[in-house]
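Visitor: I would like to learn how to read a structure like this one, feature by feature. Could you walk me through it?

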Amino acid sequence: MTLLIVDDSSVMRRTIEKHLSDYHLDIIGTAGNGRDAVQIVKDKRPDVVTLDITMPEMDGLTCLENIMEVHPQAKVMIITALSDKLTGLQALDKGARGFLYKPVSPEDLTKAFDKLLNRN
Amino acid sequence: MNLFSNLAIRDKFVVIVLPLLLAAGYFVFQEVSSNYRTSQELNALFNGIQVTERLSRLVHEIQKERGNSSGFLSNAGAAFGPELEAQRKLTDESIADLDALLTDTDYQEFLSQYKTVLTDIREDVDKIPSIRERVNQLDLSPNQAIDLYTEINTNILNSISTLTSTTDNKEMTEQQIAFINFLKSKERAGIERAIGSQGFSNGQLNPESYARFLELVSAQDAYVDAFLGTADQKYVNYFNKTVTGSDVEEVNRMREQLFANADLSEDPLYWFAQITAKINLLKKVEDFIANDIKSTAISIADSANRIFVQFLAISIVLSIVDLYLLYFIVSNLVNNINILSAFSRRVAQGDLSKTVSIRSKDEVGQFANTFNEMVGSLKISREELAKEKEKAEYMYETIYKQSEVVFENVQQGIFLLDENFKISNLYSAAMEDIFQRKDIGGENFVQFMRPRLVPRDQDALEMFVKHLFNTDIDESVLSQLNPVESVQIFSNEDSGNIQTRYIQITFSRVMNEGEISSVMVTVLDQTEAVLMQQHIKETEEKNKHESEQLLSILKIEPVVLKDFIDSSKKSLVSISERYEKSQKSDIQALITFTFNTVHNIKGNASLIDLQLIVDKFHEIEESLVDLKGKNVSVNDFLKILYKINEVDAVMSNMKSMLLRIANVYEQMTDELDDNSNNKFIDSLKRGARRMSKDSGTELNFRFENVEDFNLPERFKLPLKDVLIQLIRNTVAHGAEPSEERLSAGKTKEVNIKVGLEEVDGQHLKVTYKDDGKGIDLDQITKQAIENGLITEEKVANMDTKELTQLIFKDGLSTASEVTHLSGRGQGMSLVQDLTDKMKGKYTITSQKGESFEMTFLLPLENQQEKTAIEI
């Protein structure tokens with residue numbers, strides 16, 4: 001199972017990567033902005049994508065829309081610091097299937113991934 | 001077919017059976033009529049045979065009379081006389097027999113068909129008397145006589161064949177033909193007897209008779225052969241058995257003589273007797289056949305008749321039985337069906353108390369049994385249903401009512417949301433309280449909430465509720481995005497006021513077989529909790545404030561603080577006293593007075609580092625400045641007064657805290673040692689430090705000769721106020737910027753020296769001196785003119801001392817901006833006031849660019865000052 005991590009903060013990217021190191025996911029890439037993310041999804045078609053909402057170049061919702069367009073089977077988990085619920089709901093509307101607020105603990109992250117991937 | 005299906009069962013049966021009955025009737029009629037016809041035919045045949053019997057007997061008698069007549073004529077009346085006479089009687093008898101038959105009423109119908117034939121026979125028979133007459137007269141030759149009689153017989157025999165050819169029965173017809181052939185052969189035998197009698201009478205046959213004889217014998221044989229060929233075997237047997245014996249052999253022996261036709265010596269009477277015997281044998285056969293045919297006909301007719309009658313009877317009986325059975329079956333069927341339908345009507349009306357009883361074991365009977373079973377199970381299910389209903393009622397009573405009670409009393413709003421986002425009709429009563437609405441059931445939840453939420457939350461809620469019913473999205477993921485998890489709602493009260501409530505709405509999916517059947521929604525009114533929290537927050541802030549107060553109090557010498565509070569409170573009381581006394585016209589004077597008072601207290605507060613009070617009075621000052629010189633109402637001033645009262649309350653609070661602390665202290669130390677000038681000095685030093693810090697001006701503040709000097713208590717506060725004001729002036733007006741000071745050869749920090757000394761034992765001399773730039777008289781004059789405190793003309797006539805006095809003018813300030821320290825233009829007038837209060841005098845010595853010095857001379861009085869705090 002392949003994973004792409006999208007977040008404009010390199011610290012956050014590393015954190016997610018570290019938290020998921022024991023989760024048996026093949027991290028095929030990380031992206032710091034929406035445009036790169038869409039390109040990677042198009043090229044490598046990851047099974048799972050973690051996606052930040054506030055990013056330069058292309059915001060998370062637009063990025064999500066583009067991802068779902070090029071790879072509708074992708075399971076997208078939103079990881080955001082944005083507390084606005086309408087944005088979160090819009091993400092679900094656009095096809096996101098997981099949602100987490102920053103900051104994320106390793107337990108929260110693995111639990112959310114269990115749900116996203118139906119693992120127990 | 002519709003027409004047929006609408007018929008009653010009874011009529012349906014009729015429709016089915018009627019064609020069959022008609023067909024059966026037709027065949028019965030056919031059969032019966034055929035039998036009847038057969039019977040009729042055979043009756044006719046029987047009648048025909050009866051007549052034939054008479055006729056053949058007549059023929060037989062006429063044959064004998066013919067033979068006797070031929071013998072009588074051949075012997076010219078010498079022989080055959082008595083025989084002929086006897087024979088004629090026999091002939092007449094058979095004629096009478098025939099007549100009797102012909103006139104028999106039973107035969108009239110039958111005979112009517114053969115009227116002409118019988119009339120012809122009767123006419124022939126009527127010729128017999130004339131023939132007899134001519135025989136008696138010997139007027140005929142034997143052959144003539146034979147011919148006359150033969151003609152009659154031939155006619156009769158021909159009639160017989162007509163009479164008997166009336167049947168369709170082939171066998172019968174065949175036997176009749178055989179019988180007629182036999183009769184014809186016998187007739188030839190009769191003629192042979194007559195011709196033989198002639199030959200034996202004359203000893204020879206004449207050629208005509210001889211030829212006739214040969215023909216007769218061969219004709220006889222031919223007819224017998226024809227008879228034997230067609231006749232029934234029993235007739236043939238009877239014929240062979242009967243026509244045999246000596247008589248037949250004698251006739252054959254004498255026949256041989258006649259064939260030879262020479263020396264015919266035999267007695268003609270012997271011949272006659274022999275051949276008559278043979279003819280009698282033939283007659284015997286004839287009778288046998290006639291009787292047999294007759295009895296066969298009778299038996300056939302009888303059996304046909306019997307069959308006809310039986311058939312008719314059976315047909316009638318069967319028809320009756322059939323109709324009766326049909327009637328019975330149909331009635332039974334219709335009856336049973338009626339019983340069943342009446343029964344099912346009763347069942348339909350709910351009466352299950354009875355069963356239906358139908359005795360027949362046909363389909364209807366079976367149906368009735370099934371129906372009974374059905375009613376039985378219906379009864380059981382109804383009983384079970386009743387039990388279930390009871391159970392359900394019990395459940396309703398206990399569970400539903402209980403849950404209703406719960407719903408009525410639960411503090412939370414609870415309801416179910418269906419997939420169309422409709423609020424369930426059953427919801428907890430708290431819902432109506434929370435949302436201030438009745439009859440919420442059935443409303444679309446999103447539409448219901450819309451007017452109560454801010455627009456952003458409205459959109460979020462709509463989206464959220466939609467995802468609640470989306471199985472693709474995990475409930476725990478979704479619950480993180482609940483936009484109404486904690487939300488402020490606005491609702492219109494009945495009074496029209498908009499009420500704000502803080503509510504918490506939580507959603508929980510209700511699953512049924514893997515599907516989301518509905519969503520349970522819980523609404524919690526947290527208004528009280530939130531308000532409580534706010535209250536707690538406010539209280540906390542107040543507490544914090546209080547502890548700040550406490551902390552600020554603790555930093556200050558209790559006596560200093562008490563003095564401050566007491567004097568401040570007194571000053572504040574003077575404001576309200578002044579307000580009560582003042583007229584509306586001198587409101588501006590009131591404002592000025594208030595301002596001065598407040599400014600002074602603020603200065604004091606600042607001096608003892610009581611920032612809280614400083615801030616509050618600064619605020620009041622700001623408000624007063626706004627009112628200055630304006631047309632103000634009493635109300636506007638009242639607002640100020642209100643604020644002053646608030647600060648007054650704060651200060652009272654501080655005092656009570658102070659007293660409590662003092663109590664504690666008192667318990668710990670006998671009394672506060674306050675005889676020294678330390679607190680006076682300390683507070684001034686602290687004030688100087690503070691002002692230095694606030695203004696950024698470095699100060700070197702010091703006292704001279706104070707440690708040993710006991711400052712009278714009454715001077716302490718006013719003097720402190722005066723000195724504070726002077727320090728403030730130094731900082732605000734006297735102190736030059738550091739560079740300026742350094743270039744003028746001065747120290748960077750401004751030096752302030754305060755000296756206290758007793759002079760002439762009656763006065764206290766207080767000296768205040770700084771090394772600032774002194775009083776800028778030009779600036780003060782200019783400012784005083786600008787502020788309208790003095791005219792230019794007056795200034796022109798004033799000396800330096802008089803000009804210096806301008807600094808004490810109310811409202812003069814040279815500071816370019818208003819700060820805590822300066823700018824109000826009140827400071828020096830306050831100094832003047834306080835000096836007056838202490839009954840002292842002052843002098844000012846200012847050297848421009850060098851120093852500012854102010855000296856006070858205060859009268860000392862011999863009185864013991866109480867130094868302890870008054871409680």
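Visitor: What percentage of the 871 residues in chain B do buried residues make up?

Guide: Keep in mind that this model is predicted. In chain B, 29% of the 871 residues are buried. The chain has 28 helices and 10 strands. Of its contacts between residues at least 6 apart in sequence, 69% join residues at least 24 apart.

Visitor: Let me try the sheet in chain A. In what order do its five strands come?

Guide: The general idea is that strands of a sheet pair through backbone hydrogen bonds, either parallel or antiparallel. Here the order is E2-E1-E3-E4-E5 in chain A, and the sheet is open with parallel pairing. Strand E2 (26–31) and strand E5 (98–101) of chain A sit at the edges, each pairing on one side only. On average, neighbouring strands of the sheet are turned by 15° against each other, direction ignored.

Visitor: How many bridges join strand E1 to strand E3 of chain A?

Guide: Four bridges link E1 (residues 2–6) and E3 (residues 48–51) of chain A, and the two strands run parallel. To place one pair on your screen, look for A:Val6, whose bridge partner in E3(A) is A:Leu51.

Visitor: Which strands of the sheet does helix H1 of chain A touch?

Guide: Helix H1 (residues 10–19) of chain A packs on the sheet and touches E1, E2 and E3 of chain A, with its direction at about 155° to that of E1(A). Helix H5 (residues 106–116) of chain A lies across E3, strand E4 (75–80) and E5 of chain A, and runs at about 170° to E5(A).

Visitor: Now two helices packed together. At what angle do H7 and H11 of chain B pack?

Guide: Two packed helices are described by the angle between their axes and the distance between the axes. Helix H7 (residues 170–202) and helix H11 (residues 268–348) of chain B pack at about 170°, and their axes are 10 Å apart. An angle over 145 degrees counts as roughly antiparallel, so that is how H7(B) and H11(B) are described. The residues of this contact divide into 16 nonpolar, seven polar and five charged.

Visitor: What about a single helix? Which residues of helix H28 in chain B are buried?

Guide: An α-helix has 3.6 residues a turn, so residues three or four places apart point the same way. In H28 (residues 827–837) of chain B, the buried residues are B:Gly827, B:Met828, B:Leu830, B:Val831, B:Leu834 and B:Thr835. They lie on the same side of H28(B) because they cover an arc of only 150° around the axis. Their packing partners are helix H19 (587–607), helix H23 (713–734), strand E9 (841–847) and strand E10 (851–859) of chain B. After H28(B) comes B:Lys839, with a positive phi near 60°.

Visitor: One last topic, the two chains together. How many residues does each chain give to the contact?

Guide: Chain B gives 14 residues and chain A gives 12 residues. On the side of chain B that touches chain A, helix H15 (455–468) and helix H16 (475–479) of chain B are the elements that give two or more residues. H15(B) gives the most, with six residues. By class, this side of chain B has seven nonpolar, three polar and four charged residues.

Technical notes: Residues are numbered from 1 along each chain as its sequence is written. Chains are lettered from A and ligands numbered from 1 in the order in which they are written. This is a predicted model: local features need pLDDT of at least 70, side-chain atom pairs count only at pLDDT 80 or more; totals for chains, interfaces and linings use all residues. Two residues are in contact if their C-beta atoms, placed from the backbone, lie within 7 Å. Ala, Val, Leu, Ile, Met, Phe, Trp, Tyr, Cys and Pro count as nonpolar, Asp, Glu, Lys and Arg as charged, and the others, Gly among them, as polar. A residue is buried if 20 or more other C-beta atoms lie within 10 Å of its own, exposed if 12 or fewer, and partly exposed in between; C-beta atoms are placed from the backbone. The arc is that of the directions from the helix axis to the C-beta atoms. Two strands pair if DSSP finds at least two bridges between them. Axes are lines fitted to C-alpha atoms, for helices over the stretch in contact, and angles run from 0 to 180 degrees between N-to-C directions. Angles under 35 degrees count as roughly parallel, over 145 as roughly antiparallel, 65 to 115 as roughly perpendicular and the rest as oblique.
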